[in-house]
Amino acid sequence: MPLVAISVFRTERAAAYTPILDDTAAAYKTKCAMCHSPKAEKFYDPAMPADEQIQAVLKGKKAEKPPHMPAFEPKGMTAEEAKALVEYMQGLRKPAQ
């Protein structure tokens, strides 16, 4: 019987998990735009190396004064999702051609 309980637990856990960034644009709009603005114009430095930006998304970053950047890794975000989000934000800041 203990094996059944473990397999049920694993099934429920797998079913409950949904990736944070099924749609990067939608995730940005719901999780980031409130602080960074719809076009990533606030509290965002696109000149910062991408690796540092990814770490800021995953681990959070303390600003000089609030609001501070929250950590999204504890909320289930993966490095690949953070990279996609950073690339999306960089794209928002590029001039239209």
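Trainee: Where is Ser-37 found?

Mentor: Ser-37 sits in the loop between H3 and H4. Keep in mind that we are reading a predicted model.

Trainee: Why is Ser-37 called buried?

Mentor: Buried means under 20% relative accessible area. Ser-37 has 9% relative accessibility, so the label buried applies. Leaving out residues up to four places away in sequence, Ser-37 touches Tyr-28, Cys-32 and Lys-42.

Trainee: What makes Tyr-28 and Tyr-88 an aromatic pair, and why is the pair called tilted?

Mentor: By the rule used here, the count comes to one aromatic pair. Its members are Tyr-28 and Tyr-88, 5.6 Å centre to centre with 50° between the planes. Ring centres must lie within 6.5 Å to pair, and planes under 30 degrees apart would be stacked, while over 60 would be edge-to-face.

Trainee: Which parts of the chain does the pair link?

Mentor: Distant ones: Tyr-28 belongs to helix H2 (residues 24-31) and Tyr-88 to helix H5 (residues 79-93), 60 residues apart.

Trainee: How do you know whether Tyr-28 and Tyr-88 count as buried or partly exposed?

Mentor: Tyr-28 has 2% relative accessibility, so it counts as buried. Tyr-88 has 28%, which lies between the 20% and 50% cut-offs, so Tyr-88 counts as partly exposed.

Trainee: Which residues is Thr-24 in contact with, and why does Thr-24 count as buried?

Mentor: Thr-24 is placed in helix H2. Setting aside neighbours within four places in sequence, Thr-24 is in contact with Ala-84, Leu-85 and Tyr-88. Its relative accessible area is 18%, which is under 20%, so Thr-24 is buried.

Trainee: Which residues of H4 are buried, and what do they pack against?

Mentor: In H4, the buried residues are Gln-53, Ile-54, Ala-56, Val-57 and Leu-58, and the buried residues of H4 pack against H5. After H4 comes Gly-60, with a positive phi near 85°.

Trainee: Why is Lys-61 called partly exposed?

Mentor: Its relative accessibility is 44%, between 20% and 50%, so Lys-61 counts as partly exposed. Lys-61 is in the loop between H4 and H5. Beyond neighbours within four places in sequence, Lys-61 is in contact with Met-48, Ala-56, His-68 and Met-69.

Trainee: How do you know that Lys-75 lies over the face of Phe-72?

Mentor: Lys-75 is at 4.8 Å from the ring centre of Phe-72. The distance limit is 6 Å, and the charge must also be within 35 degrees of the ring normal. Lys-75 is listed as lying over the face.

Trainee: What lines the largest pocket?

Mentor: The largest pocket, with a volume of about 550 Å³, is lined by 24 residues, with His-36, Phe-43, Tyr-44, Lys-61 and Met-69 nearest its centre. The lining divides into 16 nonpolar, three polar and five charged residues. Helix H3 (33-36), helix H4 (50-59) and H5 each supply at least two residues of that lining.

Notes:
Residues are numbered from 1 along each chain as its sequence is written. This is a predicted model: local features need pLDDT of at least 70, side-chain atom pairs count only at pLDDT 80 or more; totals for chains, interfaces and linings use all residues. Side-chain values use heavy atoms; hydrogens and water are left out. Rings of Phe, Tyr and Trp (its six-membered ring) pair if their centres lie within 6.5 Å; planes under 30 degrees apart count as stacked, over 60 as edge-to-face and the rest as tilted. Helices (H or I, at least four residues) and strands (E, at least two) are DSSP runs, numbered from the N terminus. Buried means under 20% relative accessible area, exposed over 50%, partly exposed in between (1.4 Å probe, protein chains only). On a 1 Å grid over the protein atoms alone, a cavity is a set of points where a 1.4 Å probe fits but cannot get out, and a pocket is an open set with protein on both sides within 12 Å along at least five of seven lines; lining residues have an atom within 4 Å of a point. Grid points are joined across faces, edges and corners, and a volume is the space filled by probe spheres set on the points. Ala, Val, Leu, Ile, Met, Phe, Trp, Tyr, Cys and Pro count as nonpolar, Asp, Glu, Lys and Arg as charged, and the others, Gly among them, as polar. Contact means heavy atoms within 4.5 Å.
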